[in-house]
Amino acid sequence: MTYYQLISELKRCALEEPNIRFAGSKDILELNSKPDIDYTVFYITPNTFTVYEDTIRYSLNLYYVDRWDETDNNQLQIHSAGIMALNNIVNRFNNKFPDTVISYPLNCQPFFQKFKDMCSGVFVTVTFELDNVIGLCDE
């Protein structure tokens, strides 16, 4: 599986979640340029990639972002829903691609962020280890 395929499949898995209406990747600040974003959002940002002879490890941040109405009740609901959704997405991906090694535990980090809208959410950094289809080459 290539990096492109990994990102595409994670987005597909996310859009199977009942409340996720937008899945994106690149720079999460892209949300500032989308004034009519349909929340809830799943977003992927890259970290580092480590290439070994037979495998590649992709470290990615997976975000669950929703509009915050600035109440404590809404904040807790968003964080709770985000933890469950991110866990479901990773599990769904792992069920579809059981040969992928996923680093556990998943450490969820709640956040508040002003994008175009005031938002709250959860993100998790996940490392996916996949076969290196290219391997080492002498030529």
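## Asn 132 and its neighbours

The side chain of Asn 132 reaches out to the backbone oxygen of Tyr 52, at 3.0 Å. That makes a polar contact, the term for a pair of N or O atoms within 3.5 Å (within protein, one must be able to donate a hydrogen and the other to accept it, and residues adjacent in sequence count only if both atoms are side-chain atoms). Before going on, note that this is a predicted model, where local features need pLDDT of at least 70 and side-chain atom pairs count only at pLDDT 80 or more, while totals for chains, interfaces and linings use all residues. Residues are numbered from 1 along each chain as its sequence is written, and side-chain values use heavy atoms, with hydrogens and water left out.

So where is Asn 132, and is it buried or exposed? Asn 132 sits in the segment after strand S6 (118-131). Strands (E, at least two residues) and helices (H or I, at least four) are DSSP runs, numbered from the N terminus. Asn 132 counts as buried, at 12% relative accessibility; buried means under 20% relative accessible area, exposed means over 50%, and partly exposed is in between (1.4 Å probe, protein chains only). If you skip its neighbours within four places in sequence, Asn 132 is in contact with Val 51, Tyr 52, Glu 53, Asp 54, Thr 55 and Ile 56. Contact here means heavy atoms within 4.5 Å.

Now for the aromatic rings: the structure holds nine aromatic pairs. Rings of Phe, Tyr and Trp (its six-membered ring) pair if their centres lie within 6.5 Å; planes under 30 degrees apart are stacked, over 60 edge-to-face, and the rest tilted. Take Tyr 3 and Phe 49: their ring centres are 4.8 Å apart and their planes meet at 50°, so this pair is tilted. Because Tyr 3 belongs to helix H1 (residues 3-15) and Phe 49 to strand S2 (residues 41-51), the pair ties together parts that are 46 residues apart in sequence. Both residues are partly exposed, Tyr 3 with a relative accessible area of 30% and Phe 49 at 36% relative accessibility.

Tyr 3 has another partner, Tyr 58, and this aromatic pair is stacked, with 5.5 Å centre to centre and 25° between the planes. Again distant parts of the chain get linked: Tyr 3 is in helix H1 and Tyr 58 in strand S3 (residues 55-67), 55 residues apart. Tyr 58 is buried, with a relative accessible area of 6%. Put together, Tyr 3, Phe 49 and Tyr 58 form one aromatic cluster.

## The largest pocket

Tyr 3 turns up again in the lining of the largest pocket, along with Tyr 4, Ile 7, Ser 8, Lys 11, Ser 25, Lys 26, Ile 44, Thr 45 and Pro 46. How is a pocket found? On a 1 Å grid over the protein atoms alone, a pocket is an open set of points where a 1.4 Å probe fits, with protein on both sides within 12 Å along at least five of seven lines; lining residues have an atom within 4 Å of a point.

Which element gives the largest share of the lining? H1 does, with five residues, and H1 and S2 each supply at least two. By class, the lining has five nonpolar, three polar and two charged residues. (Ala, Val, Leu, Ile, Met, Phe, Trp, Tyr, Cys and Pro count as nonpolar, Asp, Glu, Lys and Arg as charged, and the others, Gly among them, as polar.)

Lys 26, one of the lining residues, has a positive phi of about 120° although it is not a glycine. Lys 26 is in the loop between S1 and S2 and is exposed, with a relative accessible area of 61%. Thr 40 is found in the loop between strand S1 (22-25) and S2, and a cis peptide bond joins Tyr 39 to Thr 40, with omega about 15°.

Another cis peptide bond runs from Tyr 104 to Pro 105, with omega near 5°. Pro 105 has its place in the loop between S4 and S5.

Asn 107 lies in the loop between strand S4 (101-102) and strand S5 (108-114), and Asn 107 is exposed, with a relative accessible area of 58%. Leaving aside neighbours within four places in sequence, Asn 107 is in contact with Phe 123, Val 124 and Thr 125.

His 79, in helix H2 (residues 72-96), counts as buried at 11% relative accessibility. Not counting residues up to four places away in sequence, His 79 touches Pro 110, Phe 111, Phe 112, Ser 120, Gly 121 and Val 122.
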